[in-house]
Amino acid sequence: MKDTPGKPAPVTGSTLDERVKNARAALDAHIRETIRWHFSPDTGTPFWLEKAKTFDFNPLTDVSGWDDIKKFPFFEDDWLRGGPVRRWVPKGLADRGVYVFETGGTTGLPKSRIVIDDFKIDYEMMSDTLPDKYFPKGSNWLMLGPSGPRRLRLAIEHLAQYRGGICFAIDLDPRYVVKCIKERKISEANAYKQHCIDQAITVLAGGHDIKCMFTTPKLLAALDESLRAGKLEDKYRELKKPVPPGGLRSIKAAGITGIFSGGTEFTPQFTREAYEEMLDNGDVYMTPTYGNTLMGLACSKPIGPEDGFKISYYAPQPRAVIEVVDPKDYNQVVPYGGTGRVLLSTFTKEFFVPRFPERDEGEREPPFEKYPWDGVSGVRPFSELAGSTVVGVY
Amino acid sequence: MIRIPALRFGKPYTSLEKATLVHHVTGEPVAEVSQVTGSMIARDLGSVARAHKELAAIPVRDLLAMYEKAADYFLNAALPCGDAELTFDQYVRNLSSTTGSPVVFCDRNARKVHYVLSHIEEVIGGLTRGLPLDALDAGYTTRGGRMQAFYPTTDVFGAVLPSNSPGVHSLWVPTIAFKIPLLVKPGREEPWTPYRVLQAFLKAGVPASALAFLPTDHAGAADILRLCGRSMAFGDDRTMAPYKSDHRVEIHGTGYSKFIFGEDQADQWEKHLDVMVEGIAANGGRACVNASAVWTPRNADAIAEGLAKRLAGAKARPWDDPACEVSAFANPSVAEAINNMIDEGLKEPGAVDVTQKLRGTPRLVKEGRVAWLLPTIVRCESPDHPLANKEFLFPYASVIEWPQQDVLKRIGYTLAATVLSDDPAFIADALACPTVERLNIGPLPTNRLTWDQPHEGNLFTHLYKQRALQHARTPAGV
């Protein structure tokens, strides 16, 4: 499949310093272009054109790069609740087909974000980081994650197609799970989780040569538990298919070679447990990602026992930027290794998000060769909000 | 600082996620305990059917010999505790340091665990009501010409344990003698006793594949209760509510234990003061078998006054003072919350804190990081008063006046009741009372155990079920 137009050029430079400098220059240029697009009367986004009337600066003339993003007010996710959703579609893209992706929504209005090509570009960039050995081109995928009005469902399908495969999916309504947990209906939530796993087992028993999978930490553990309990073998027998020699009691034995996973539940301990105990000491490759509907997708440094299964995420700069800031002063970036709240910014032609305080915290990570800009590690629910966050199945 | 790993049915496991336990007085770290996840527990339980077979193949006499050795090691040996080795005294001091229970209580209760280990035959005889031991090897026996056959209800027994007092561990210790693999989830502040018992078992020759020590969070504990065929769990009424109708889980919750006077003894109450004081205040009043109420048809004011006089002198003392009478709260906010609950209750007319009047100082004592609650006797005019049927983690009892003819209908669930009466009709009523579990007749404290009888549930009938068994013929091998 051809690339979707809009992929940024790779960062150049022979030393890390040079790459850091070049990445920053590319970010400044990209920001100038994005701001011009969203605030020009011809191409601009109705929401931002309206908002600009309240600014004491002119985005078209006073923003020359990253440093000037601080002039914008912090993005409030409440702006995304309720319509009209068209106010978020830039005039320059008004003739394109528009998707809407939602987050939240168990109670009250969900946050809605319009998308045209962003999810495709994000996941194509992500695809370039996947090792072909474990995610073979042309192989089929299983999307064992949320369905419905979510970005993930379409994004994983696009990823599979981009890599020449076909994606199977299950029905999973995360809002129902969160509702059960909030109402302390734990056995109902567990039964629903099992219902999701049963769907996955059925797909895996279908003979579709599935080698790659997206899933969440909780569903990965639940799938592993079911496979070990012989559920896939039972399904084979039910379908009158012979169980292959060696059985089907692990993720590896079920034919999966690569797993792409996501969620803040990804602790180093979970990663270690998955690597050592579910994925045959790394025989099945797993890459954690950190993403959301607002930003896109941050990739992880490769994980493994050599660095204590530490997970460090890097945003897909220049299309998005992660900052780790002092929770008492969002204009103050914490020192490398310091703990702070995660601030996200998104700069694409479809969506402009200046400095949105995420519901997560973590430690600031320094740039490195592959991603010559700041990252974040140890991502977990922001401690000041943690009590109010309900984590469902993903 | 001591680093305590999890034990995953034979494999020690040092996790990247650890709980740090601190000294309740100094706040200094004492231990770091590796935590496991629910999915690890689920995975580990995959191996227990095999471990059960291996354990069941060991003759019960051999297992009992291992208990004897384990008892000796528990009390007299330096046993591994993660990356350290601890003598019995060092273990007791660590236990006291993280739980706030005074050294003197910890020592006394740990010796109860030793008692069960060293008298295991008496204990399992009590639980099985004298079933010949060979039944545990063969699955059946004949007694008086009658077949008695049993089958195990599970491949593993899960024990979700509390942090308050090591005495509770005497309840799960017999599991291995019943040939059932054992999974313990220690209370957060009390990894010490379960770890030491397991180390004593291992040193005595119990197969490591039959023993698991899995510290985990609430979700992991719920997974244990979900996945083990039989389990026990400690918790308050709210925490245990979801398991109330799950026969696989033996619940150890609030005890609501009581002293109940008959008409014939109500005027002799002074004779029973020692017994009542012990039942209310022994071991700091934290056990579910500590009495939390006294019911009498007469003299309630005098009884309350008499108990208060005996208890009001108790003082908050340092954790290692041998004269300690009350436990410290490692988390002072818990003591504050309990104190507030009682003060709120006293605002409702019909209840008086008799101890406070005598003592003249507040029941809540705070010093540095630590808090204590001093013994409290509340005279309630009615059993409907909010403080009448309450149980707290310190020596607390209400005193209620109620006619003998109705008292057994009004007391509600009672884990341990002591009936102070010689009236045969009242005793017969007490014997027939369906809301009383353990019954003491005459002057015995509610917390006094007889090890040759089942207590707080019966581990044997939890782990085994009776079955009908017939042999058409008796082959040599059967």
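Which domains does the domain assignment of chain B give?

1. The assignment, which is automatic or taken from a database, divides chain B into domain 1 (2-254 + 456-467) and domain 2 (258-441). This is a predicted model, in which local features need pLDDT of at least 70 and side-chain atom pairs count only at pLDDT 80 or more, while totals for chains, interfaces and linings use all residues. Residues are numbered from 1 along each chain as its sequence is written, chains are lettered from A and ligands numbered from 1 in the order in which they are written, and side-chain values use heavy atoms, without hydrogens or water.

2. Taken over C-alpha atoms, the centres of domain 1 and domain 2 of chain B are 31 Å apart. Their contact (heavy atoms within 4.5 Å) involves 25 residues of domain 1 and 23 residues of domain 2.

3. Between them, the two domains of chain B bury about 1,900 Å², with 57% of it on carbon and sulfur atoms. Buried area is the accessible area (1.4 Å probe) that two parts lose on being put together, summed over both.

4. The interface of these domains holds 1 salt bridge, defined as a side-chain nitrogen of Lys or Arg within 4 Å of a carboxyl oxygen of Asp or Glu. A salt bridge joins the side chains of B:Asp320 and B:Arg93 (3.7 Å, N to O).

5. On the side of domain 1 that touches domain 2, the elements giving two or more residues are α4 (88-99) and α5 (103-118) of chain B; these helices are DSSP runs (H or I, at least four residues) numbered from the N terminus. The largest share of that side, 6 residues, comes from α5(B).
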